[in-house]
2 protein chains.
Amino acid sequence: MSKKNALYAQSGGVTAVINASACGVIETAKQHPQSIGKVYAGNNGILGVLREELIDVSRETPKSIAGLRHTPSAAFGSCRYKLKNIDEHQAEYERLIAVFKAHNIGYFFYNGGGDSQDTTHKIAEFSARANYPVQCIGIPKTIDNDLPLTDNCPGFGSVAKYVAISTREAAFDVASMCASSTKIFVLEVMGRHAGWIAAASSLAAQHDGDAPHIILFPEIAFNREKFLRRVSRCVKKHGYCVIVASEGTQTADGKFLADGGSKDAFGHIQLGGVAPVIANMVKDALGYKYHWAVADYLQRSARHIASKTDVDQAYALGKAAVDFAVAGDNAIMPIIIRGKGKRYSWKIGQAPLADMANTEKMLPRHYISGNGFEVTPAGKAYLAPLILGEDYPPYKNGLPDYVQLKKQQVTKKLKPMKM
Amino acid sequence: MSKKNALYAQSGGVTAVINASACGVIETAKQHPQSIGKVYAGNNGILGVLREELIDVSRETPKSIAGLRHTPSAAFGSCRYKLKNIDEHQAEYERLIAVFKAHNIGYFFYNGGGDSQDTTHKIAEFSARANYPVQCIGIPKTIDNDLPLTDNCPGFGSVAKYVAISTREAAFDVASMCASSTKIFVLEVMGRHAGWIAAASSLAAQHDGDAPHIILFPEIAFNREKFLRRVSRCVKKHGYCVIVASEGTQTADGKFLADGGSKDAFGHIQLGGVAPVIANMVKDALGYKYHWAVADYLQRSARHIASKTDVDQAYALGKAAVDFAVAGDNAIMPIIIRGKGKRYSWKIGQAPLADMANTEKMLPRHYISGNGFEVTPAGKAYLAPLILGEDYPPYKNGLPDYVQLKKQQVTKKLKPMKM
């Protein structure tokens, strides 16, 4: 294949390490000057590609690019925008091909979750049909850890580490005050459909009886009476009770506890905070003084305490995406494969995007204890290695020195698309 | 003075560094074997002293004591319990003296906020009157930074650092998604009466236009229209708006915003959540998609990202308390004195507890901008040095290796007090 330019785009909710994948892509592309010319990045993800807003990565300094490895969020901008099916909206796919052609793009790297990988696959198919074949490589990313095929998803390990540390720290706080003050602490974490993040809080416990004492998973129907009985028993036994609740905690009839009744622009229910609901429920029924926290974006942007394992994997996936592309692969996604040994190890493999098929990997039932409130040893064994290692960013004036890019766009060559 | 035992107690809401002061007290006391015999600690603060629950610190290993320097919360337990005035409840003071006598205690170190320092002062006076003079030394501690006399309070610098970092990280997240998703992010921080913690978020900004764009202080009456106008302008200019709100944000008539809040799915009023109230207010008036976070205990227990300056000062204050006591001082509190040079420096001094007089040091008005939403250069100049330096705890299995003490109590010698 003759020398072509590469296009990289970030998609969906951001993470502490998606820029580490970007760093892997960009630094590795430079090592293949015989195959890859310029590297462009979509401004705000695929929207920027449709709008022909292409950031010229070569205008950034090597130091800035290296700094992406320790910078959270999406340095090129991300978006929540799902391409429709080709039959429904072929114009969008044609537009992408037009942009690819106009800028001599032969490689497309799409860094996102399940929906994005589905899109990557469709673009690969369409570009072949349109007689402008582009090598399309997906790079996995999601804090939700719900992608199939890969052992785990970059972004998740760092959220898991943040949540486990925060749970341990808050538990120390409550334990030291509970004799005369707060007895209940509720930490709300992300996870609308899958309880992976909530499950990670289980790593906070060192000894029997340590927090978290109760984990509420979206996978387990919330039962008020059973829950309150357990809270009461816990306070009687330990003097306090730390509860970690998934934002998606719901009752057997599928009603979110946090459902405040409002919906967002996409028609999704806007969840109003399950932590205060739980805390008030305990107060009303048992009278205990409570505190609650909602970590929200803090958990997925907490690059200051990212998992080194997570950062290394995110970079390696970005690197592998380019290496695979240069080797001629198409419509695949590099994945993480866990070694079978007792000591944790991992390597990079690949999976066809055709196999992704929009499935979500839920927390397996055998990772949740029989009572529905804890994580089993099998679950902990899966989770524990993902938070290993610290990878501190550099600091300046007491704050992490994160990179902000220039994001200079190349000159447009096409007429604007009607969107 | 002949050799006497020392008693140390922790009081009030805990911090990321109060144990560093404990470490300073205990390690320094060991260096004065000619003056100080055993070191005891009140189990759960002053309540433990009243109940004659005295922890024998010599039963802990030197390694555990050293580990207190990097362990958040109150390792000996704390409490919210304020001794009444001597006239109102003399029995409590008599009980304290009885416990002091029974265990040959000649030094009392009380590690807490304004109320506790007031108590320390009263105990010093009462013990002199009761003919069992105990040297009473206060050690300042409060995340609220509202103690007079000292330049700053240990505990505050670490919360400040956590809040500034979290604000920067969340702002990166929102900025990278705002083109097609969330435009408003509200972070609620502690501070019911004073806006010191909210003010610290201002350090997150590096460049003009950086987050936080709006800070809500308890000191500034909340004006809905003025606030919404600023939010709207900010989104138009920057594409997003990051708001940091003190939990004590209130209207001109003294009504907390959190008190008149929205109701959850169960119809309960959500107490203590100013962030969702603000977020919903913006959504209702301007229609922007929002996210909000409530840091709560996470901010004051976040030892994983403590300020090194804060840790060093907390330790130095504990050390100085013992050194002053051994030198014969009484009814004083070691304080932090800021150097006058351009480059930040500090040293330890002391102030009489009589001068504390239960006053709170509020955020000076000239630290808040004229529009009431920002921190002035003078305010930033005061705050900036307090977050300098990182002091990472050791890690084990990907988590901070915090110390849990044995807390073995000495044999009681007195009859229980009726409380």
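1. Helices (H or I, at least four residues) and strands (E, at least two) are DSSP runs, numbered from the N terminus. The model is a predicted one: local features need pLDDT of at least 70, side-chain atom pairs count only at pLDDT 80 or more, and totals for chains, interfaces and linings use all residues. Residues are numbered from 1 along each chain as its sequence is written, while chains are lettered from A and ligands numbered from 1 in the order in which they are written.

2. Two prolines follow a cis peptide bond. In chain A the bond runs from A:Ala211 to A:Pro212, with omega near 0 degrees, and A:Pro212 sits in the loop between α7 (196–200) and β7 (214–216) of chain A. In chain B the bond from B:Ala211 to B:Pro212 is likewise cis, with omega near 0 degrees; B:Pro212 belongs to the loop between α7 (196–200) and β7 (214–216) of chain B. As background, most residues other than glycine have a negative phi, and most peptide bonds are trans.

3. Two residues of chain B deserve a check of their backbone angles. B:Leu149 is not a glycine, yet has a positive phi of about 75 degrees; its place is the loop between β5 (135–140) and α6 (156–177) of chain B. B:Leu149 counts as buried because it has 20 C-beta neighbours inside 10 Å (buried means 20 or more other C-beta atoms within 10 Å of a residue's own, exposed 12 or fewer, and partly exposed in between, with C-beta atoms placed from the backbone). B:Asp296, also other than glycine, has a positive phi near 45 degrees and lies in the loop between β9 (290–294) and α10 (297–301) of chain B. B:Asp296 is buried as well, since 25 C-beta neighbours lie inside 10 Å.

4. The overall form of chain A may be summarised next. Its secondary structure comes to twelve helices and 15 strands. The C-alpha atoms fill a box of roughly 70 × 45 × 45 Å along the principal axes. Of the 419 residues, 59% count as buried. Among contacts in chain A with a separation of 6 or more, 75% join residues 24 or more positions apart (a contact requires C-beta atoms, placed from the backbone, to lie within 7 Å).

5. Chain A is assigned domain 1 (4–141 + 304–358 + 390–400) and domain 2 (156–302); such bounds come from an automatic or database domain assignment. The domain centres, taken over C-alpha atoms, are separated by 34 Å. In chain A, 13 residues of domain 1 are in contact with eight residues of domain 2.

6. How do the two chains relate to each other? Chain A can be laid on chain B with an RMSD of 0.1 Å by a turn of 180 degrees and a shift of 0.0 Å along the axis; the two copies are thus related as by a two-fold rotation axis. Superposition is by least squares on the C-alpha atoms of residues with pLDDT of at least 70 in both. Of the residues of chain A, A:Val294 comes closest to the axis, with its C-alpha at 2.5 Å.

7. The contact between the chains takes 67 residues from chain A and 65 residues from chain B. Elements of chain A that each supply at least two residues include α9 (274–286) and β11 (290–294), while α6(A) gives the largest share, 13 residues.

8. The largest nonpolar core has 293 residues, and those with the most contacts inside it are A:Val186, A:Ile278, A:Ala293, B:Val186 and B:Ala293. A nonpolar core is a set of buried Ala, Val, Leu, Ile, Met, Phe, Trp, Tyr and Cys residues joined through C-beta atoms within 7 Å. Leaving aside neighbours within four places in sequence, A:Ile278 is in contact with A:Val186, A:Ile243, A:Ala245 and A:Leu257.

Technical notes:
Two residues are in contact if their C-beta atoms, placed from the backbone, lie within 7 Å.
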